[in-house]
Amino acid sequence: MNIAIFSSGGGSNAAVIMKTLGSFIKKETASLAVVISNNEKAGVVNIAADHNIPCEIILLKNKTDAQQTEAYFKLFEKYKIEFIVLAGYLKKLPKEITNAYPKKIINIHPALLPAYGGAGMYGQFVHKAVISAGETQSGITVHYVDEVYDHGQIIFQEKCAVEKNDTAEDLAKKILGLEHKFYTEILADTILSQIPVK
Ligand code: GRF
């Protein structure tokens, strides 16, 4: 199964996945075929090169929805993509894509969905909102992606404590640690759970 990873920014989750996926799932079963980013300056561009994985940039600005959809599908065809991993991808995928890949797209969100999700809830905005609400717990959510932001079926969650004096940066660090610890394994388990037993 050919996997595409999407990332817009630092790419630390993508880096962990590139490094460790092979220890959770055999290459012949599933492997990373391409990295896709909407940002040519994203950290993931160099990380992909270090791992000899092709990286494609889709510049979405000035493209209509239909043109964006076409650009995504073209890449999926080129790399024969069957599974998609969002790892810090800040653009919403068109519904033609989410409809074409039901239960074949997963995302990681740095909070316990359904709370603290939706448009505008990314990066520090999430952690600031969690802290201002006085929550004592936060965590990570891995979920399938459908056409609504942060809405698809939840696959996995892991909690962490929010301490009284935690800043948004403290919480971000803790949560990123959890993401790196769990995302690759959950990705591999999700793919394996979908392969019919012979
Ligand atoms: C992570 O916190 C993830 O939950 C969110 O975007 C961030 C990406 O971080 N979807 P990185 O680019 O993997 O370092």
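Biologist: Let's start with the ligand: which pocket is the space it takes?

Modeller: A pocket is an open set of points on a 1 Å grid over the protein atoms alone, with protein on both sides within 12 Å along at least five of seven lines. A molecule sits in one if more than half of its atoms lie within 2 Å of its grid points. Here, the space taken by the ligand is the largest pocket. One caution on all of this: the model is predicted, so local features need pLDDT of at least 70 and side-chain atom pairs count only at pLDDT 80 or more, while totals for chains, interfaces and linings use all residues. Residues are numbered from 1 along each chain as its sequence is written, and side-chain values use heavy atoms, with hydrogens and water left out.

Biologist: Which elements give two or more residues to the shell around the ligand?

Modeller: Elements are DSSP runs numbered from the N terminus: helices (H or I) need at least four residues, strands (E) at least two. For this ligand, they are α1 (12–24) and β5 (105–109).

Biologist: Which residues are around the ligand?

Modeller: A residue gets in if one of its heavy atoms lies within 4 Å of the molecule. In this model that picks out Gly 10, Gly 11, Ser 12 and Asn 13, then Gly 88, then Ile 108, His 109 and Pro 110, and finally Glu 179.

Biologist: How many of those shell residues are nonpolar, polar and charged?

Modeller: Two are nonpolar, six polar and one charged. The scheme counts Ala, Val, Leu, Ile, Met, Phe, Trp, Tyr, Cys and Pro as nonpolar, Asp, Glu, Lys and Arg as charged, and the others, Gly among them, as polar.

Biologist: Which atom of Ser 12 lies 2.5 Å from an oxygen atom of the ligand?

Modeller: A polar side-chain atom. Such pairs are polar contacts: N or O atoms within 3.5 Å; within protein, one must be able to donate a hydrogen and the other to accept it, and residues adjacent in sequence count only if both atoms are side-chain atoms. Gly 11 uses a backbone N or O atom instead, 2.8 Å from a ligand oxygen. Ile 108 also brings a backbone N or O atom, 2.9 Å from a ligand nitrogen.

Biologist: And how much of the ligand does the protein bury?

Modeller: Areas like this come from the Shrake-Rupley method with a 1.4 Å probe; for residues, only the protein chains shown count as cover. On its own the ligand exposes 370 Å², and the protein buries 78% of that.

Biologist: Back to the shell: is Asn 13 buried or exposed?

Modeller: The scale runs on relative accessible area: buried is under 20%, exposed over 50%, and partly exposed in between. Asn 13, in helix α1, is buried at 9%. The Asn 13 side chain makes a polar contact of 2.8 Å with the side chain of Glu 179.

Biologist: What does the side chain of Thr 141 reach at 2.6 Å?

Modeller: The backbone oxygen of Ala 111. Thr 141 also has a 2.9 Å polar contact, side chain to side chain, with Gln 157. You'll find Thr 141 in strand β6 (137–144), buried with 0% relative accessible area.

Biologist: Which peptide bond is cis, with omega near 10°?

Modeller: The one from Leu 113 to Pro 114. Look for Pro 114 in the loop between β5 and α5.

Notes
On a 1 Å grid over the protein atoms alone, a cavity is a set of points where a 1.4 Å probe fits but cannot get out, and a pocket is an open set with protein on both sides within 12 Å along at least five of seven lines; lining residues have an atom within 4 Å of a point. Buried means under 20% relative accessible area, exposed over 50%, partly exposed in between (1.4 Å probe, protein chains only).
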